[in-house]
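Me: I would like to learn how to read strands and helices in a model. Can we go through it step by step?

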Amino acid sequence: MAKKKQEEAPKGAPAWMATFSDLMNLLLCFFVLLFSMSTVDAKKFEQIAASFSKTFSIFTSGDIAIGEGNLIGNGISQLNDLDDYINNTGYMSIEDPNEDNKEQEEEQLESAMEEEGMKQSEDLAEKIEEAMEELNLKNDVSMDVTAQYVQLTMRGSLLFNSGSADLKEESYNVLDRIGVVLERYSTGTIEIEGHTDNVPIHTAKFPGNDELSSARALSVFHYLISTTALDPMNVKHAGRGEYVPVADNNTPEGRAMNRRVEIRIYNQLSSSFDGSASTQSDEAVPSPEEAQDGEAIRSETAASEETLQTETTGQETEDNSQVQESVVNPGE
């Protein structure tokens, strides 16, 4: 039986393909015509290009992808940093563009606050200096000024004997006058700090300089609270031991300077300021003459108490004598 001859396929492309190609060409021409009649927003295009550049590094040879070089190019590979590149991809595109401005504003605000705080401290220091001259405190008290507070410093030898936290009697007059200054010009927090030199101390009462400095600050605190109208809630006290020297501890003069008590009056812009203290009026504050006569008044009070105690003791002795006589002579 003869085999059927296989039909040969027609030469050339199928007829439908020609029709499809014509359709694609027409669509291409149509969209090209639409694009040619449209307008492109150059600003938006630049933003889109910049976003792609930062996120995927498809522009400028990937200079932003890793450091200042290419990820892979020019025969150099930076695949060692690929993990950082993958983890940080897209972060640059979401960063706040105003972050630098915020940091600058914060720095300017801090600088302005510090300047204003220094101005307040200088104004307060000027008033305190006038009061110190009026009260004859210039030789006994030194003053320092910062943006946070005005500091009054007294020598330890003026207030205490060596190794002791008990106030000397001759220091009362100085502390009375300082109390006048604090009542006049302190409207917030006051801090009392005790300091010592680095000479070791070891007694039954004071095992070390930390305890001694704390006890000295506490002694000044108790005296000021008992002789002034200061609010104890706004007066802090602390002992700093030998750890904040202001002079060289290798010389006697330096050690004498380091043995001191500091009183800090904080201004209203200080972070340590507490304005809950009652503002003292000028009428409620003792006059300089009253402050200078504080020792005399205290002496008179002590003498009166001693006289009263003596009279009471004498009266008790007389009563006891009468009772004894009555026992010896019951018939009288």
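Reply: Start with pairing: two strands pair if DSSP finds at least two bridges between them. Helices (H or I, at least four residues) and strands (E, at least two) are DSSP runs, numbered from the N terminus. This is a predicted model: local features need pLDDT of at least 70, side-chain atom pairs count only at pLDDT 80 or more, and totals for chains, interfaces and linings use all residues. Residues are numbered from 1 along each chain as its sequence is written, and side-chain values use heavy atoms, with hydrogens and water left out.

Me: Which residue in β7 is the bridge partner of Glu193?

Reply: Glu262. Strand β5 (residues 190-195) and β7 run antiparallel, joined by six bridges. Strand β4 (residues 149-155) also pairs with β7 in the antiparallel sense, over seven bridges. There, Arg155 has Arg260 as its partner.

Me: How do I read the two faces of a strand?

Reply: In a regular strand the side chains alternate between the two faces of the sheet. In β7, Arg260, Glu262, Arg264 and Tyr266 lie on one side, with Val261, Ile263 and Ile265 on the other, and all are buried. Buried means under 20% relative accessible area, exposed over 50%, partly exposed in between (1.4 Å probe, protein chains only).

Me: Why is β7 largely enclosed by the rest of the structure?

Reply: Because seven of the seven residues of β7 (residues 260-266) are buried.

Me: And how many residues of helix α7 are buried?

Reply: Eleven of the 14, so α7 is largely enclosed too. Among them are Tyr172, Asp176 and Glu183.

Me: Is Phe31 buried or exposed?

Reply: Phe31 is exposed, at 51% relative accessible area. Its helix is α1 (residues 15-37).
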